[in-house]
Amino acid sequence: MYSDTRLIECDPMLAHNSITHTQAVLQRRIAEWQKHGHGLWVLEALEGASAGELVGMGGCQLLTVNAWNLSFSLRPQSWGCGYAQEVATAGIEYAQATRPDFPVTAVVAKRNTRSQRAIEKVGLRKQWEGPDNYDPDPTATMLLYADRVLSHEQILTLTA
């Protein structure tokens, strides 16, 4: 999934260029579940001809010690089927039930308009726009969305 050029053209930082990279990401995800008891979910189709097939990954995870991060990555063949809204809504509900004092945020590449629309549909609002420090393209811009107004300090922490 993370080597599909259709997925990574909107956000090159999603690219997995080797099995070693994928294994490292999986180990981080497993460690997150072991430490916190929650993390991103693996998504699969439940009905129809594609039942049981991988749809993608998504949900809310702790971005910092006091903020949730909503994220989702879907296989391109699953785009446009409502999965982004479904996992985003479930992730937000989980985060708000677990730690309602933490803001739910989403960091998205500006060029990823598909994710922006999905994030806005679930009620998150843009709080900040600036340079994407993780993208090798010096002109890349990232957006920070949240379910509430963030303080200047919170924005600095979340975008550093």
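Reader: Where does D101 sit, in a helix, a strand or a loop?
Author: D101 lies in the loop between α3 and β4; helices (H or I, at least four residues) and strands (E, at least two) are DSSP runs, numbered from the N terminus. This is a predicted model, where local features need pLDDT of at least 70 and side-chain atom pairs count only at pLDDT 80 or more, while totals for chains, interfaces and linings use all residues. Residues are numbered from 1 along each chain as its sequence is written, and side-chain values use heavy atoms, with hydrogens and water left out.

Reader: Why is D101 called partly exposed?
Author: With a 1.4 Å probe and protein chains only, buried means under 20% relative accessible area, exposed means over 50%, and partly exposed is in between. D101 has 46%, so it's partly exposed.

Reader: What makes G82 partly exposed?
Author: G82 has a relative accessible area of 37%, so it gets that label. G82 is in the loop between β3 and α3, and its C-alpha is 15 Å from that of G123, 41 residues along the chain.

Reader: And why does Y94 count as partly exposed?
Author: Y94, in helix α3, comes out at 28% relative accessibility, so it counts as partly exposed. Leaving out neighbours within four places in sequence, Y94 is in contact (heavy atoms within 4.5 Å) with G37, H38, W41 and W68. Q77 is 17 residues from Y94 in sequence, but the C-alpha atoms are 26 Å apart.

Reader: What makes β1 and β5 edge strands?
Author: The open sheet has six strands, ordered β1-β2-β3-β4-β6-β5, with mixed pairing. β1 (41-44) and β5 (125-131) each pair on one side only, and that puts them at the edges. Neighbouring strands are turned by 25° against each other on average, ignoring direction.

Reader: How do you know that β5 and β6 pair?
Author: Two strands pair if DSSP finds at least two bridges between them. β5 and β6 (residues 141-146) have six, in the antiparallel sense, so they qualify under that rule. One example is E129, whose bridge partner in β6 is L143.

Reader: Which strands does helix α3 lie across?
Author: Helix α3 (residues 83-98) lies across β1, β2 (54-64), β3 (67-74) and β4 (104-109), at about 160° to β3. Such angles run from 0 to 180 degrees between N-to-C directions, with axes fitted to C-alpha atoms, for helices over the stretch in contact. Helix α5 (residues 152-159) lies across β2, β3, β4, β5 and β6, at about 130° to β6.

Reader: Which residues lie nearest the centre of the largest pocket?
Author: They are D11, L14, N69, S71 and V107, out of 50 lining residues. The volume is about 1400 Å³.

Reader: How many charged residues are in that lining?
Author: The lining of the largest pocket has eight charged residues, alongside 26 nonpolar and 16 polar ones. Asp, Glu, Lys and Arg count as charged; Ala, Val, Leu, Ile, Met, Phe, Trp, Tyr, Cys and Pro as nonpolar; the others, Gly among them, as polar.

Reader: What about the second largest pocket, and which element gives the largest share of its lining?
Author: That's α3, with four residues. The space is about 200 Å³, and the lining divides into seven nonpolar, no polar and three charged residues.

Terms used. 1 Å grid on protein atoms, 1.4 Å probe; cavity = no way out; pocket = protein on both sides within 12 Å on 5 of 7 lines; lining within 4 Å. Points joined across faces, edges and corners; volume = space filled by probe spheres on them.
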